[in-house]
Amino acid sequence: MGWNIRNRGEELYHHVYAWGNNRHAIFKDPSHYRQYLSFLESRAREENIDVIAYALMEWHVHLFIYDCNNNIADFMMSLHGDYAQYFNRDSQQIGHVFGKRYNNKIVANTVYCGWLSRYIHRQAVEAGLTDDPASYPWTSYNCYLGSEPQGFVKYDIVLDDFNPKPDRIARYKDFVMGD
């Protein structure tokens, strides 16, 4: 049985998600989350990928990215390959860290960008870990709020839909917290 052909191309937005092998944890310690973010930043820079939003959950990840040059396959292979090697070495394990290959869906309409970022930023809320996404440290939500600047997160593609500028962070927060 062969692999399914990936959705890919130049100048495309993607929702990427991946689960741990057999739904096992892919993050067991805060240092694992930090290392994944470090790899995410460096691999995105190397492959000319814009990271728009992310959520790192104990057993899966969500990424919202913009792929300028059709580099998603190389980006994901290096990101998850490097992280898996690190995780296995740190956890003294062998074998697969991630289950199947990553999944990706093309985000065809930029109007959907806000909804996708909301979905990603609410992962911890929907999982019952918190009532406030700002209290969960492993998403890009606090970058959007301006309370934790991360230079590699390109949040303007989403926040620009919440202009005028002086009120856009409050409007985005209301959007994420709303029903």
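This is a predicted model: local features need pLDDT of at least 70, side-chain atom pairs count only at pLDDT 80 or more; totals for chains, interfaces and linings use all residues.

User: Why is D67 called buried?

Analyst: The relative accessibility of D67 is 0%. Buried means under 20%, so D67 counts as buried. D67 belongs to strand β3, residues 60-69, and eight of the ten residues of β3 are buried.

User: How do you know which strands are the edge strands of the sheet?

Analyst: The open sheet has four strands in the order β2-β3-β1-β4, with antiparallel pairing. The edge strands are β2 (49-56) and β4 (103-107), each of which pairs on one side only. From one strand to the next, the twist averages 20°.

User: What makes β1 and β3 a pair, and how many bridges join them?

Analyst: Pairing requires at least two bridges, and β1 and β3 have nine, in the antiparallel sense; the two strands therefore count as paired. Y17, for example, has H62 in β3 as its bridge partner. H62 also stands opposite A55. Seven bridges join β2 to β3, and a hairpin of three residues connects these two strands. Strand β1 (residues 10-19) is joined to β4 by five bridges, with K105 as the bridge partner of H15.

User: Why is helix α3 described as largely enclosed by the rest of the structure?

Analyst: Helix α3 covers residues 112-121, and seven of its ten residues are buried, so it is largely enclosed by the rest of the structure. Among the buried residues are C113, L116 and I120. F64 touches C113, L116 and I120 as well.

User: Which residues touch the most other members of the largest nonpolar core?

Analyst: They are L63 and F64, in a core of 54 residues. Helix α2 (residues 72-91) gives the most to this core, with eight residues. In soluble globular proteins, nonpolar side chains tend to be buried together.

User: What makes E41 and R45 a salt bridge?

Analyst: Their closest N and O atoms are 3.1 Å apart. The cut-off is 4 Å, so the pair qualifies as a salt bridge. Both residues lie in helix α1, four residues apart, about one turn of the helix. Residues three or four places apart in an α-helix point the same way, because there are 3.6 residues a turn.

User: Is R45 buried or exposed, and how do you know?

Analyst: R45 has a relative accessible area of 59%. Exposed means over 50%, so R45 is exposed. E41, at 28% relative accessibility, counts as partly exposed.

User: How do you know that D156 and R168 form a salt bridge, and where do they lie?

Analyst: The side chains of D156 and R168 meet at 2.8 Å, N to O. The pair links distant parts of the chain: D156 is in helix α6 (residues 156-159) and R168 in helix α7 (residues 168-177), twelve residues apart. D156 is partly exposed at 37% relative accessibility, whereas R168 is buried, with a relative accessible area of 7%. The count of salt bridges comes to six.

Note on methods:
Residues are numbered from 1 along each chain as its sequence is written. Side-chain values use heavy atoms; hydrogens and water are left out. Buried means under 20% relative accessible area, exposed over 50%, partly exposed in between (1.4 Å probe, protein chains only). A nonpolar core is a set of buried Ala, Val, Leu, Ile, Met, Phe, Trp, Tyr and Cys residues joined through side-chain atoms within 4.5 Å. Contact means heavy atoms within 4.5 Å. Axes are lines fitted to C-alpha atoms, for helices over the stretch in contact, and angles run from 0 to 180 degrees between N-to-C directions.
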